[in-house]
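Hi,

Here is the structure I promised to pass on. Open it up and have a look around, then read on for what turned up.

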Amino acid sequence: MAKVGVSRRQFLAASGAAAVAGVTAPALAQAAPRVVVIGGGFGGATAARAIKTAAPSTAVSLVERERTFTACPFSNLVIGGLRALPAQQFGYDKVSAAGVDVVFAAAIGVDREARRVELEGGASLAYDRLIVAPGIDIRWDGLPGYSEAAATKLPHAWKAGEQTLLLRRQLEALEDGGLVVMSVPANPFRCPPGPYERASLIAHYLKTHKPKSKILILDAKDTFSKQRLFQEAWKELYPDHLEWVALSKGGRVTAVDAETKTFITEFGEHKAAVGNVIPPQRAGRAAELAGAVDQTGWCPIDPVTFEAKRSPNVHVVGDATIAGGMPKSAFSANAQAKVCAAAVVALLAGRSPNPPKLINTCFSLVGPGYGISVAGVYEPVNGVLTDVPGAGGVSPAAAPRSERAEEARYAEAWFNTSTGEIFG
Ligand SMILES: Cc1cc2nc3c(=O)[nH]c(=O)nc-3n(C[C@H](O)[C@H](O)[C@H](O)COP(=O)(O)OP(=O)(O)OC[C@H]3O[C@@H](n4cnc5c(N)ncnc54)[C@H](O)[C@@H]3O)c2cc1C
């Protein structure tokens with residue numbers, strides 16, 4: 001890290017010398033520090049705007065391959081028929097208006113020696129510091145029988161958009177009495193409570209539209225996020241429409257057959273009318289191109305700066321990171337991006353970043369007007385983001401319905417505030 005501060009000082013010194021030698025003003029103007037951000041989702045778009053706000057003279061480029069961002073939080077409501085997909089979609093006009101150079105292209109390479117990001121189409125962008133926030137990629141080799149082709153029959157819907165609509169359409173076409181099967185992978189994966197929120201909202205749809213149907217959750221784990229609260233709600237709301245099978249009861253799916261929509265476990269086979277595979281995942285490919293990924297498929301980071309432990313001058317935020325106790329959530333990505341942005345601004349100015357405290361809250365909707373949450377506060381301890389003891393917690397068990405309704409409103413307020421801050 002000190003290296004970059006030094007090299008930038010050397011660069012400025014060299015610029016000064018060049019000025020004496022008669023270099024023109026536009027060339028000097030290029031001395032403004034350059035930050036490139038790959039990925040314009042919850043982490044990347046937050047980081048780009050935060051840097052531009054804190055240090056307006058920094059040249060910030062945001063590389064994003066899609067012109068419209070489709071948010072995953074609340075996409076389970078689309079699957080449950082309670083929300084339309086356009087409510088999940090955001091453009092980048094306001095990000096550009098904030099002074100960020102938004103470049104619509106896929107990043108296909110990173111030259112770490114030359115500090116350049118290579119873009120599809122042949123262009124490249126130079127950086128002093130690179131922030132990578134590509135989210136997740138599916139491990140297409142992680143579940144026998146599952147592939148990109150198989151995902152057209154057994155959607156994952158774990159990247160929102162067309163996959164979300166595909167699963168929704170399949171549920172609409174389901175005959176009353178048909179079985180819905182969902183497979184859930186082992187940790188770590190994007191949004192730990194997400195599968196159980198989705199199963200709840202599918203169960204709500206079945207209860208209200210296909211009462212003879214049910215959803216079976218086949219899980220590669222014995223415990224999961226907000227488990228007690230989910231199970232309490234399931235007992236009350238969906239006793240006939242939702243069944244959870246834990247790892248120890250034969251829940252781990254070892255293979256799927258997309259043609260017959262069959263889920264194979266160590267204990268037997270389950271044939272689905274509609275199948276949802278939540279597959280094993282890894283950091284988005286751009287993190288690998290930037291040299292930040294380790295043998296786990298994710299990126300170890302310095303918890304103060306979010307600089308990749310394996311790749312100097314490259315910072316990683318969001319789902320792609322190994323962030324200690326912090327879950328892979330949009331809330332976390334947003335918080336990490338702000339900390340990372342402040343650190344990058346400090347480093348570019350030759351200052352030492354301050355150790356941060358980060359907050360995460362994950363809301364889940366178990367049904368319309370029924371919200372639950374888990375919150376945590378994290379700080380670096382011996383190089384790892386660690387829970388601050390006693391600072392977080394989950395919604396109370398056996399709370400009155402009015403409290404669940406209140407949490408559902410908080411969830412929506414969080415989504416609107418967060419997406420408004422990032423894209424508005
Ligand atoms: C069903 C579901 C429900 C969820 N609900 C919640 C919730 O209620 N609350 C919550 O906090 N979190 C929730 N999450 C998790 C949340 O969506 C992710 O944690 C969050 O999106 C992570 O942010 P990110 O910036 O790391 O990645 P993303 O938001 O996915 O952004 C990554 C961006 O990078 C772009 N990109 C990737 N590679 C390249 C490349 N090579 N070149 C250019 N662009 C590239 C992608 O197009 C994308 O726009 C949910 C997730 C799912 C699947």
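When I say strand or helix, I mean DSSP runs, numbered from the N terminus: E of at least two residues for strands, H or I of at least four for helices.

Before going further, some ground rules. This is a predicted model, so local features need pLDDT of at least 70 and side-chain atom pairs count only at pLDDT 80 or more, while totals for chains, interfaces and linings use all residues. Residues are numbered from 1 along each chain as its sequence is written, and side-chain values use heavy atoms, with hydrogens and water left out.

**Around β7**

Strand β6 (residues 107–111) pairs with β7 in the antiparallel sense over four bridges; two strands count as a pair if DSSP finds at least two bridges between them. Find glycine 109 and you can see its bridge partner in β7, glutamate 118. On the other pairing, β7 runs antiparallel to strand β8 (residues 124–126), with three bridges joining them. There, valine 117 has leucine 125 of β8 as its bridge partner. β7 and β8 also make a hairpin with four residues between them, and glycine 121 in the turn has a positive phi of about 105 degrees.

In a regular strand, side chains alternate between the two faces of the sheet. β7 (residues 116–119) has a covered face with Val117 and Leu119, and an uncovered one with Arg116 and Glu118.

**Around β9**

What about the faces of strand β9 (residues 129–132), covered or uncovered? Both are covered: Arg129 and Ile131 on one side, and Leu130 and Val132 on the other, are all buried. Buried means under 20% relative accessible area, exposed means over 50%, and partly exposed is in between (1.4 Å probe, protein chains only). Strand β1 (residues 34–38) runs parallel to β9, joined by four bridges, and valine 35 stands opposite arginine 129. β9 is also parallel to β20, with three bridges, and here valine 132 stands opposite valine 316.

**Some loop residues**

Look for the cis peptide bond between asparagine 187 and proline 188, where omega is about -5 degrees. Proline 188 sits in the loop between β11 (179–184) and α7 (194–209). Alanine 157 is not a glycine, yet it has a positive phi, near 55 degrees. You'll find alanine 157 in the loop between β10 (136–138) and α6 (162–173), and at 2% relative accessibility it counts as buried.

**The ligand**

Of the 34 residues around the ligand, Gly43, Glu64, Ala107, Arg190 and Asp319 come nearest; "around" means having a heavy atom within 4 Å of it. That shell divides into 19 nonpolar, nine polar and six charged residues. Which helix gives the most to the shell? α10 does, with three residues.

A backbone N or O atom of phenylalanine 331 lies 2.9 Å from an oxygen atom of the ligand. The protein covers 95% of the 1000 Å² of accessible area that the ligand has on its own (Shrake-Rupley method, 1.4 Å probe; for residues, only the protein chains shown count as cover).

Happy exploring!

Methods. A polar contact is a pair of N or O atoms within 3.5 Å; within protein, one must be able to donate a hydrogen and the other to accept it, and residues adjacent in sequence count only if both atoms are side-chain atoms. Ala, Val, Leu, Ile, Met, Phe, Trp, Tyr, Cys and Pro count as nonpolar, Asp, Glu, Lys and Arg as charged, and the others, Gly among them, as polar.
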